[in-house]
Amino acid sequence: MRMNDSAGLILLVNAAATWMMTGVIWLVQVLVYPNFRLVPPEAYPAYEAAHISGITLLVGPLMLAEAISSAWLLGERPASVPAWIPLAGLACVLVVWAVTLCINAPQHSLLSLGFRADVHSALVTSNWIRTAVWSAHSLLTAGMIWLVLPRG
């Protein structure tokens, strides 16, 4: 892969954004979300608001970069990468966005009113979907990079 190769550059952007988001989601899954239960009830709404604003600043640009580069790879992929791999990658992105918008965002909206153990438990459980899907997308991007590396 040459660095001036636009398909290679798109793949590198996609891999970087995907791998960063995979690291973030694992940190959120095993540390951040479980520790929500440790926040005192009177401080919880402010804590949740701070979490949402802070995490959005971090993940918003990364999720956009991942989504755009995933879609772009469908039309402009390295020649050695079969079309099904970026298609599967884009499917991962769509699942993550759907779970984020349809499941996790409403859970965070409920938690913004105050901590509820049932909603918190559902958030931790449903977030495993995003954790698994981002991990799968990371493997797909690693596979694409392996396919473009020179052999010899």
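Tutor: The dialogue below takes up the core, the aromatic rings, the surface and a charged pair in turn. Please keep in mind that this is a predicted model.

Student: What does Tyr33 touch, not counting residues up to four places away in sequence?

Tutor: With those close places in sequence left out, Tyr33 touches Val28, His51, His108, His120, Leu123, Val124, Asn127 and Arg130. One of these, His51, has its place in helix H2 (residues 44-75).

Student: Is His51 buried or exposed?

Tutor: A residue counts as buried when its relative accessible area is under 20%. His51 has a relative accessible area of 11%, so this residue is buried. Not counting residues up to four places away in sequence, His51 touches Val32, Tyr33, Phe36 and His108.

Student: Where does Leu62 lie, and which residues does Leu62 touch beyond four places in sequence?

Tutor: Leu62 lies in helix H2 and, at 14% relative accessibility, counts as buried. Leaving aside residues up to four places away in sequence, Leu62 touches Ala17, Met20 and Met21. Leu62 and Met20 are 42 residues apart in sequence, yet their C-alpha atoms are 7.6 Å apart in space.

Student: Let us turn to the aromatic rings. How is a pair of such rings described?

Tutor: The description of a pair of aromatic rings rests on the distance of the centres and the angle of the planes. This structure holds six aromatic pairs. Among them, Trp26 and Trp128 form an edge-to-face pair, with 5.6 Å centre to centre and 75 degrees between the planes. This pair links distant parts of the chain, since Trp26 is in helix H1 and Trp128 in helix H4, 102 residues apart. Trp26 counts as partly exposed at 35% relative accessibility, and Trp128 counts as partly exposed at 40%.

Student: Why is the pair of Phe36 and Tyr44 edge-to-face?

Tutor: The planes of the rings of Phe36 and Tyr44 are at 70 degrees and their centres are 5.9 Å apart, so the pair is edge-to-face. Phe36 is buried, with a relative accessible area of 0%, and Tyr44 also counts as buried, at 0%. Phe36 and Tyr44 belong to one aromatic cluster with Tyr33, Tyr47 and Phe115.

Student: Now the surface. Which residues make the nonpolar surface patch?

Tutor: Trp26, Leu27, Val30, Leu31 and Trp128 make a nonpolar surface patch of about 490 Å². Helix H1 (residues 6-35) gives the most to the patch, with four residues. Trp128 is found in helix H4 (residues 117-148).

Student: Finally, what can side chains of opposite charge do?

Tutor: When their charged atoms come close, side chains of opposite charge can pair. A search of the whole structure finds one salt bridge. In this salt bridge the side chains of Arg116 and Asp118 meet, at 2.9 Å from N to O.

Student: How accessible are Arg116 and Asp118?

Tutor: Arg116 is partly exposed, with a relative accessible area of 37%. Asp118 likewise counts as partly exposed, at 49% relative accessibility.

Definitions and conventions. Residues are numbered from 1 along each chain as its sequence is written. This is a predicted model: local features need pLDDT of at least 70, side-chain atom pairs count only at pLDDT 80 or more; totals for chains, interfaces and linings use all residues. Side-chain values use heavy atoms; hydrogens and water are left out. Patches are made of residues with over 30% relative accessible area and no salt bridge: like charges are joined within 9 Å, nonpolar side chains (Val, Leu, Ile, Met, Phe, Trp, Tyr) within 5 Å. Accessible areas come from the Shrake-Rupley method with a 1.4 Å probe; for residues, only the protein chains shown count as cover. A salt bridge is a side-chain nitrogen of Lys or Arg within 4 Å of a carboxyl oxygen of Asp or Glu. Helices (H or I, at least four residues) and strands (E, at least two) are DSSP runs, numbered from the N terminus. Buried means under 20% relative accessible area, exposed over 50%, partly exposed in between (1.4 Å probe, protein chains only). Contact means heavy atoms within 4.5 Å. Rings of Phe, Tyr and Trp (its six-membered ring) pair if their centres lie within 6.5 Å; planes under 30 degrees apart count as stacked, over 60 as edge-to-face and the rest as tilted.
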